[in-house]
Amino acid sequence: MNRPCSPRISIVNKLAKALRLMAILTLFVATVSLSVREFNDLHQELNTKLTLTADMIGQNCSYPIVFEDKKTAQEVLNALAHDPDIISGVIRSANGEIFASYAKATSNWHILWPKALQKNHTTRRPILDANNREIGDIVLVADLKQPYHALIRNAALNAAIVFAALSIAAVFVLRLQRSLLTPIVHLANIARQIERDHDYSKRSDYAGNDEISDLSEAFNSMLSQIQANEAYLENQVLLRTRELQIAKQEAEQANQTKGEFLANMSHEIRTPMNAIVGLVELCLNSEISDKLRTYLERVEAASHSLMDIIDDILDFSKMEAGKMKLESIPFLLEDVLEQVFATMNQLAAQKGLKLSCPASGTVHAVIGDPQRLRQILINLIGNAIKFTEYGEVGISVVELNRTSQHISLQFCVSDTGIGISEAQQQRLFQAFSQGDSSVTRTHGGTGLGLVISKQLVEQMGGTIRVVSQKQVGSKFIFSVKLGVADFASVLYARQQNGSPMASKHSHQLRGRKVLLVEDNEINRIVAVELLEKVLIQVDVAENGAIALEKLAQHRYDCILMDVQMPEIDGYMATKRLKEMDACKNVPVIAMTANAMQEDKLKCLEAGMVDYICKPILPKTLYAVLEKWLAPEREQE
């Protein structure tokens with residue numbers, strides 16, 4: 001609970017208030033004490049005067065009393081008229097008889113005065129004869145008007161004197177106050193400037209030799225310490241920043257080195273794999289014995305498994321480097337499911353498993369990365385088939401929610417396999433980790449498939465989880481968030497990109513003239529065989545320089561360009577042939593073992609129109625050629 005802030009009162013105001021209070025008290029005490037003393041003095045003086053006057057009159061009236069001469073006594077008593085203070089006097093004989101009296105007319109000055117205040121003073125003195133015997137007494141009454149007036153005048157004078165003295169003292173105190181507070185205010189202003197500017201080099205310049213100078217020195221020492229600490233911290237930050245920069249550069253260098261190594265490894269593996277896959281494909285399409293066909297089919301399966309491993313390693317490397325980018329293109333979800341089913345159904349059938357896909361009349365036109373979504377499904381379904389010996393593997397899709405812009409879908413891949421224990425589920429999505437080592441020995445695999453799937457799902461704005469029971473089965477459930485597209489845009493994208501699944505019209509390629517630029521002899525043989533199989537006229541060039549010479553002499557419908565070649569590589573050859581008027585509109589298609597996304601972008605930047613990654617699959621090659629050699633394309 002916040003306490004209410006009391007109003008700010010400056011030291012100047014506090015001292016002024018204290019000074020005024022002290023002045024008022026001093027003035028009051030001094031005036032009262034002096035007035036009381038003055039009153040006592042006046043009262044004592046009046047009493048003395050009355051006593052002496054009474055004694056003198058009593059002595060002068062002693063013989064008239066003895067001789068009963070009232071006239072003389074009255075004359076003596078009448079002398080009191082000269083005294084302004086005495087208002088009455090009475091002489092009485094010893095028997096109490098009034099012998100003579102005197103009274104003066106008085107004013108009503110005391111009407112407004114407090115009743116408790118004494119208005120007059122009475123003195124009685126005995127009258128003695130020559131033998132000191134009391135023969136009567138005299139009573140005198142004095143009016144206190146004059147003493148009171150004198151007392152008031154004296155009190156006012158005293159108050160004025162005290163007030164003047166206090167005023168002079170106040171002036172000195174105020175000057176003293178200003179001289180004391182000015183350095184403190186100056187010190188506070190310096191503190192505010194430091195707070196505002198964060199400039200700890202400022203210092204207090206107070207040159208006195210008192211307590212304030214001690215405060216100023218302590219303030220300057222504190223600033224020096226803060227400045228030293230700040231400099232130390234800045235040095236530490238600079239040092240740590242430099243260390244972090246060095247570590248970052250080393251990490252980037254290491255990452256770049258790793259990326260280059262992986263790219264080179266991919267290229268070096270894909271180049272011979274292209275020859276193996278291509279030659280096996282050619283052999284399988286020729287007349288061979290059943291035994292030899294069985295051997296070659298196993299070689300083909302092993303080659304595809306090896307390529308899957310290489311693709312997983314490259315994908316994992318991209319994810320670690322934060323370079324995994326997803327495409328955003330319109331597509332039909334049902335097309336992806338159909339392709340996945342067509343790809344995995346044969347594998348499931350080989351193990352005697354039933355692969356069931358959702359049968360729905362609804363068509364989902366969405367925007368996203370169909371290739372990566374297909375990869376996730378193939379990973380999960382491939383694992384389900386791998387770890388299931390009996391029963392079935394099922395795929396289901398549920399629409400979670402939909403807006404005008406986005407749609408959230410939940411996929412479930414279920415199986416009746418060996419199941420996964422709770423402990424194994426904890427490390428299931430960790431890199432290079434499988435359920436246990438026996439899984440690797442029994443079923444193989446790198447342990448990257450689920451890690452890559454999880455990363456892709458999260459990049460698609462979803463989550464993935466597993467529900468499993470040992471010896472009962474497992475369910476891998478994941479959700480993705482995709483954009484919503486209209487059916488017309490999907491059809492247009494199909495026409496633009498070409499659909500390999502729909503590409504069965506290789507006769508369109510018949511008679512087309514293609515220049516194959518390839519330095520590897522075996523890859524040239526494979527490519528020439530694949531192209532001539534669909535009756536394409538193939539001319540070959542072993543490097544970019546030879547290709548440029550042939551382009552200067554002949555016209556071609558398309559150029560298949562390898563990238564890494566001696567003398568002139570594919571990038572440079574493409575740039576140069578685009579400078580030739582006859583070749584500006586000839587499509588150049590990269591056909592390379594460089595499989596990184598940067599390699600594809602580099603090819604497109606050099607002027608190539610499409611990209612085929614080795615090892616070359618016949619249907620992929622034909623689909624790309626149909627895309628760029630279609631009659632409607634040429635009319636454009």
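**Exercise 1. Which residues does isoleucine 57 touch, not counting residues up to four places away in sequence?**

Solution. The model is predicted. Start with the location: isoleucine 57 sits in helix 1. Next, list the contacts of isoleucine 57: Val76, Leu77, Leu80, Ile91 and Ile138. The relative accessible area of isoleucine 57 is 4%. Buried means under 20%, so isoleucine 57 is buried. Finally, take a C-alpha distance. Valine 277 is 220 residues from isoleucine 57 along the chain, and their C-alpha atoms are separated by 161 Å.

**Exercise 2. Find the nonpolar surface patch that includes Phe28, and classify phenylalanine 28 as buried or exposed.**

Solution. Now collect the patch. Its members are Phe28, Val29, Val32 and Val36. Together they have about 360 Å² of accessible area. For the class, use the cut-off: exposed means over 50% relative accessible area. Phenylalanine 28 has 54%, so it is exposed.

**Exercise 3. Work out the strand order of the open sheet and identify its edges.**

Solution. Read the order: 13-12-14-15-16, with 5 strands and parallel pairing. Go to the edges. Strand 13 and strand 16 each have a single partner strand, so one side of each is left without a neighbour in the sheet.

Now take one pair. Strand 12 (residues 513-517) and strand 13 run parallel and are joined by 5 bridges. Within this pair, valine 517 has alanine 541 of strand 13 as its bridge partner.

**Exercise 4. Inspect the backbone at asparagine 132, leucine 535 and proline 615.**

Solution. Begin with asparagine 132. Its phi is near 65 degrees, a positive value in a residue other than glycine. The residue is in the loop between strand 3 (120-128) and strand 4 (134-143). Asparagine 132 counts as exposed because its relative accessibility is 59%.

Turn to leucine 535. Here phi is near 65 degrees, again positive and not in a glycine. The loop holding leucine 535 runs between helix 13 (521-533) and strand 13 (537-541). At 45% relative accessibility, leucine 535 counts as partly exposed.

Finish with proline 615. The peptide bond from lysine 614 to proline 615 has omega near 0 degrees, and is cis. Proline 615 occurs in the loop between strand 16 (610-613) and helix 17 (618-629).

Notes. Residues numbered from 1 in each chain as written. Predicted model: local features only at pLDDT ≥ 70, side-chain atom pairs only at ≥ 80, totals over all residues. Heavy atoms only, no water. Helix = DSSP H or I, 4+ residues; strand = E, 2+ residues; numbered from the N terminus. Buried < 20%, exposed > 50% of the residue type's maximum accessible area, 1.4 Å probe, protein only. Patch = residues over 30% accessible without salt bridge, like charges linked within 9 Å, V, L, I, M, F, W, Y side chains within 5 Å. Areas by Shrake-Rupley, 256 points an atom, 1.4 Å probe, with all protein chains shown as cover. Salt bridge = Lys/Arg side-chain N within 4 Å of Asp/Glu carboxyl O. Contact = heavy atoms within 4.5 Å. Pairing = 2+ DSSP bridges.
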